[in-house]
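Work through the exercises below with the sequence and the model open. Try each task before reading its solution.

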Amino acid sequence: MTGNKKGQNIEAYLLEKYAQGQISQTVCDAITALCDAAKKIAELAAQNGIGTASLGALTGAENTDGDEQKALDVMADELICAALAPTGIAAYLSEERDDAVVFAHTKERLVVASDPLDGSSNIDTNLTIGTIFSIYKAEGEGWLMQGRAQQAAGFFAYGPQTLLLLTTGQGVAGFCLDANGQFIQMDWQPHIPATTSEFAINAANSRYWPAKTKNYITQLLTGKEGPRGRNFNMRWNGSLVADAFRIFRRGGIFLYPQDSRKGYEDGRLRLVYEANPIALLIEQAGGRASDGTKAILDIVPTGYHMRVPFIFGSADEVDSYHSQQ
Ligand code: AFP
């Protein structure tokens, strides 16, 4: 379990994990670089609209997946790429780039995969947005690995607090950016309760859902009068990091299933730099993360921007979803 040393900064935390042999110097340097980039992204987001053009403005370009790129998407990606370049990692994969950025063909072959700015549709609405990252060693050809191979994963949330949720494979630790620009470990041991009465899904898509999802959500909506015999509550932020962080704080189930819309046959979220890192954090905190049938971390990626249906959170509730017909 993560030693919950209240007040320890991220540098001391990483040094401890390095000394315990959990992570290499390069992984330490990559996470430190990501923290430096995250501070700059947080500052930009906090000043959006004063001194900078709207960071939510469309750039006119699209990423590989056809998402319209916003100014902060591109700025965040460039800040992260620049921060990682000198750290000794071999390659950088990004939602905002078609292909891998190869820094060097090192022996360690460490890869950082990232969604530099998650929740872009919320940039101009003062809602929580974030950065998600995954760190793993690439074996064999290419730069892709199953999620189970991750050595570290985490996300930054830029909201009322600037937070980092991190795992290096031995539990999850939460950090908060303090007034001195230090990420300080929070006095909290992230653990996801097995049961919950709260679900997160974009109900506007209900007419496109598969029967399994419709049946499951209908059960939750019928509440005490229905088969579950109790009422449920719903939340939907439109930012994966915001919904995920809430689930780490009080449990819940998040669902972005596949649906019948063109391009959503495998859902909306991408395996390599969204589902895999969140899934590792969720499992490390006692939760479950699947594509509706199998564990996210066991899925073999076939491309940098491969999408997967993504259901995660309180274990008993994810199992309840799995049992739906
Ligand atoms: P954007 O980064 O394009 O806003 O997408 C955010 C996201 O990938 C994820 O953070 C949200 O959970 C999900 O999409 C919201 O999707 P909908 O807009 O379809 O509800």
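**Exercise 1: the hairpin**

Strand 1 (residues 58–62) and strand 2 (residues 68–70) pair in the antiparallel sense over two bridges. Strands are DSSP runs of E with at least two residues, numbered from the N terminus; two strands pair if DSSP finds at least two bridges between them. The model is predicted: local features need pLDDT of at least 70, side-chain atom pairs count only at pLDDT 80 or more, and totals for chains, interfaces and linings use all residues. Residues are numbered from 1 along each chain as its sequence is written, and side-chain values use heavy atoms, with hydrogens and water left out.

Task: find the bridge partner of glutamate 62 in strand 2, then the residue with a positive phi in the hairpin.

Solution.
1. Glutamate 62 is bridged to glutamate 68.
2. Five residues lie between the strands.
3. In this hairpin, glycine 66 has a positive phi near 85 degrees.

**Exercise 2: the ligand**

Task: describe what surrounds the ligand and list backbone contacts to its oxygen atoms.

Solution.
1. Count the shell: 14 residues surround the ligand, each with a heavy atom within 4 Å of it. The closest are Asp118, Asn202, Leu240, Tyr256 and Arg268.
2. Sort the shell: five residues are nonpolar, six polar and three charged.
3. Look for polar contacts (pairs of N or O atoms within 3.5 Å). A polar backbone atom of glycine 119 is 3.0 Å from a ligand oxygen. For a backbone N or O atom of serine 120, the distance to a ligand oxygen is 2.9 Å. For serine 121 it is 3.0 Å.
4. Check the cover: the protein covers 89% of the 480 Å² of accessible area that the ligand has on its own (Shrake-Rupley method, 1.4 Å probe).

Key
Helices (H or I, at least four residues) and strands (E, at least two) are DSSP runs, numbered from the N terminus. A residue is near a molecule or strand if one of its heavy atoms lies within 4 Å of it. A polar contact is a pair of N or O atoms within 3.5 Å; within protein, one must be able to donate a hydrogen and the other to accept it, and residues adjacent in sequence count only if both atoms are side-chain atoms. Ala, Val, Leu, Ile, Met, Phe, Trp, Tyr, Cys and Pro count as nonpolar, Asp, Glu, Lys and Arg as charged, and the others, Gly among them, as polar.
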